[in-house]
Amino acid sequence: MAFIKIENLFKRFGRTVAVNHIYLEVKKGEILTLLGPSGCGKTTTLRCIAGLEKPDEGDVLIDGQPMFSQGFVPPSQRGIGMVFQNYAVWPHLRVFDNVAYGLKLQKLPREEIKERVKTILAAVGLEGLEGRYPGQLSGGQQQRVSLARALVRNPKVLLLDEPLSNLDAKLREKMRFEIKSIVRRMNITSVYVTHDQAEAMVLSDRIAVMDAGNIVQVGAPEEIYKRPANRFVADFVGTTNFIAGEVSDILKEGNRVYVRTEFGQRMLCKVFDSTMAVTGQKVHVSIRPEDIEIAEDTAPKGDNLFRGRIEHRAYLGNFLYFFVNVDHTLIRVQTAYDVPQREGDELFLFLDPEKCVALL
Amino acid sequence: MSRGHLLLSALLWAVVALFVIYPLSFLMVESFKIAGTSRYGLQNYIDFFKDTYYLKTFANTLLLGFLVLATTTLFGLPLAYILARYRLKGKVLFTALILLPIVLPAYAGAFALIVLFGKMGTINLLLLDWGVVSKPVNFIFGLHGLVFIQSLHLLPFIVLSLSAGFTNIDPSLEEAAEVEGARGFKRFLTVSLPLCSPNYLAGAVIVFLWPFTDWLTPLIFGLQDFLPSTAYINIAYHFTDMHRKYMGIVSVVISSIVCVGIFLASKYWVERRKYTALSKGTTLEGRIIEPSIVIRVASYAYMFFIGLLVLLIPIVLGLSAFSRRWVLQPIPSYWTLDNFRLIFLETPMLLKNSFLFSVVALIFGVCFGLPSAYLITRTKVPGKEALDFVITLMLAFPGIAVGVSYLLAFWEGIPLATHWIIMPLSLFVRRLPYFLRMAHASYLQLDVSLEEASEVSGAGKLRTFFNISLPLLLKGVFVGLVMFFIMAFQEISTAIFLYRGGWETLPIGIYLNWHRGMEFGIAGAMAFLMIVIIFILLIIVARIGGGILGAAWGSSGGRY
């Protein structure tokens, strides 16, 4: 059941179209991530949900209630909590007063406010810091205050706008899991905005990938990674190789085609979009570095075996990257850290046909 | 720390010692002298606090400060919010317009208002003609008039500092309040206003302390029971009665102590409350809201109202500048250029002196301000904080204190007051912090690595300064120059004590012409001329960099 419904949302700033007639549904209790590069319209979409931005066309429905079309519902009346990119923790108020702000506006009894603030601060790991001013807290702690403030009123919807982008790498990773487990426990429908694909993967039930104001794909993290809808998604989510070519043969069984690659050899791959299965269609074949194997055999036979020379070798601790030159196309290969090959060595690559995806 | 830096520091300290510390301590010492004897003691101060007249004067001055502050805040707060938050056409022009009262000498405005609102002024004459009143209404003579004119003069300080404060608030801080359920006025009270409080305080101190400085405006309105006015009368007219002279000096010292005390207290409070920068990457213009039609109309109406008040003064001065014998008429009937002929042809000395003194003061200001800014921002010379502190304190010292102390120290002490150089010198010391603060602000914006790159490439410190720093600082420095010039050009509270025959400046000319009682046309023409000159300079400043202006009024806080 859709709890948040975005219908035909359109917003422009001057001549730039920020959000281009998008449709999106968020299910009750789900964490949905809007993922995309800066300027793709993800933050604008989130701010329309919050009511901090008014769309030029379209509507947002929260729990069946239209937020724009039947009179503008201001942010304060939407039953939302929001975590801002720069925390937006009020520097002139103590931690307690920051978190209690919304409860005080609801004119709740003092005792109840105290109790609820205490509980939520414990949940985000800030016990005992009620009396501090934000200036006396670290970035991570301020982020937790912001989260506690957004959650304390038990909002119907939690909106998070790149909440971790100002934290350092270690803390960011830790906070991903914390945010996920807190939100899960409280079972709040959440919309999360980020440009960090790893963050999106860890946190989300579903991801909506945005590009230039459009939603290009919506799906579970695994689906997005394994079956990217187009080149943009394949490139933006994870690391991949693109091999240019054109469709030369179409196989009867399943959705498989042969592609004549830029380096002149045939390559077997999958197509998820049947309209692409046309001879002569120009495509880009995407294959992830971890899906490429180094063939042990000195002169193996079969499909998708290519001979190449190791141009660069990059050691990353738990694995290796080889950049292999196959007839002037560089292919990135991820292998175990202890393989014997060196720069300049010749080898055979096996690009698993099940994992080669032809994309437009 | 190099020997060059130490030498520079010593040089700057020598200047400060001779032209700031020496005269002010001379003033202090003088205040302990007991008339008719050669002894020193606390007698003058005891007399001051025992005498109900002086106590009343002191209380009046405080009261005036509160009233002016309350009035400017009441009228300035909505204006600052309108200017900072709403997307309105013509905002920039309007901002330039409301700067006008700061740069206009307050007393020039007072003269204009008397012509307009006085007992036989335009409004009263019209009211009498129409039969609305049977005898003239007292619109301005008295405390209410004083509050009105001083509030009009000081309104820009409050508006500028508050709107800088509103602009500096990170938009998400207000948005978070809206998400949390605080709408409109509630959000304004709980989030926007408290976050502005450091900025407000910086402006409020200037406003509150103004009555401790301005001795002339009360006198024009026929009031004298204010600390600086009493001090002026005691010192300027009672050189024969030594006790009264010393009481005047005591008044000046007490004014100074109050000013410096309040200034330091507010500075301490602001430092303590300065909200550390938490956010990055926010828009420079702050939050801008698209106003609804009701708010738009109300905003324009309010801006029009304030604009009208501000423009009244130049309009009245303009009318009188081009006329003669504007007496008992709602508007003048005899138009002439004679006033300007008098100024340009018969007494060109006033104009010449004004420019000469201001330019010389400016040269002093640059020669002192640039090296000081460099020393304070870029070196680790011991005592640089103290130097900064002493210079900044001059923001608080009343002009009358500088004037009187110069008169005493360089007349009875070092005999410098016999040479005209004392005029630009006093202007320079009076406005000491202005140029320094601009240079300082520009220096802080200049990335130190740009200078380091020059030094690594083989340039010495001096060469680096002239080749790299100065060109990059030029914009800020230039705005500083112009603002300094404007402030020096309209200075009177210091100069009036020091001028001798032949050293009169335009502001002194205005005062003298008014003082003689019948030459309002000439005074008006002089004031009008000043407005034209200053307005041209202001437009230049606004063109080059309005943003730097904020630093000048002490309202620049960190973003938070």
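Biologist: How many bridges join strand β16 of chain A to strand β17 of chain A?

Modeller: First, the ground rules. This is a predicted model, where local features need pLDDT of at least 70, side-chain atom pairs count only at pLDDT 80 or more, and totals for chains, interfaces and linings use all residues. Residues are numbered from 1 along each chain as its sequence is written, chains are lettered from A and ligands numbered from 1 in the order in which they are written, and side-chain values use heavy atoms, without hydrogens and water. Strands (E, at least two residues) and helices (H or I, at least four) are DSSP runs, numbered from the N terminus. Two strands pair if DSSP finds at least two bridges between them. Here, 6 bridges join β16 (305–315) to β17 (320–326) of chain A, and the two run antiparallel. Ile310(A) stands opposite Val324(A) in β17(A).

Biologist: In what order do the strands of that open sheet run?

Modeller: The order is β15-β19-β16-β17-β18 in chain A, with antiparallel pairing. β15 (292–295) and β18 (329–335) of chain A each have a single partner strand, so one side of each lacks a neighbour in the sheet. Neighbouring strands are turned by 45 degrees on average, direction ignored. Axes are lines fitted to C-alpha atoms, for helices over the stretch in contact; angles run from 0 to 180 degrees between N-to-C directions.

Biologist: Which open sheet in chain A has mixed pairing?

Modeller: The 6 strands β6-β7-β8-β3-β9-β10 of chain A form it. Its edge strands are β6 (80–83) and β10 (214–219) of chain A. Within it, β7 (157–161) and β8 (189–194) of chain A pair in the parallel sense over 5 bridges. Asp161(A) stands opposite Val193(A) in β8(A).

Biologist: Which helix lies across β3, β7 and β8 of chain A?

Modeller: Helix α5 (169–186) of chain A does, running at about 140 degrees to β3(A).

Biologist: How many helices and strands does chain B have?

Modeller: Chain B has 25 helices and 0 strands.

Biologist: Is helix α19 of chain B mostly covered or uncovered?

Modeller: Helix α19 (432–445) of chain B is mostly covered, with 10 of its 14 residues buried. Among them are Leu432(B), Phe435(B) and Tyr443(B). Across chain B, buried residues make up 55% of the 560 residues.

Conventions
Contact = heavy atoms within 4.5 Å. Buried < 20%, exposed > 50% of the residue type's maximum accessible area, 1.4 Å probe, protein only.
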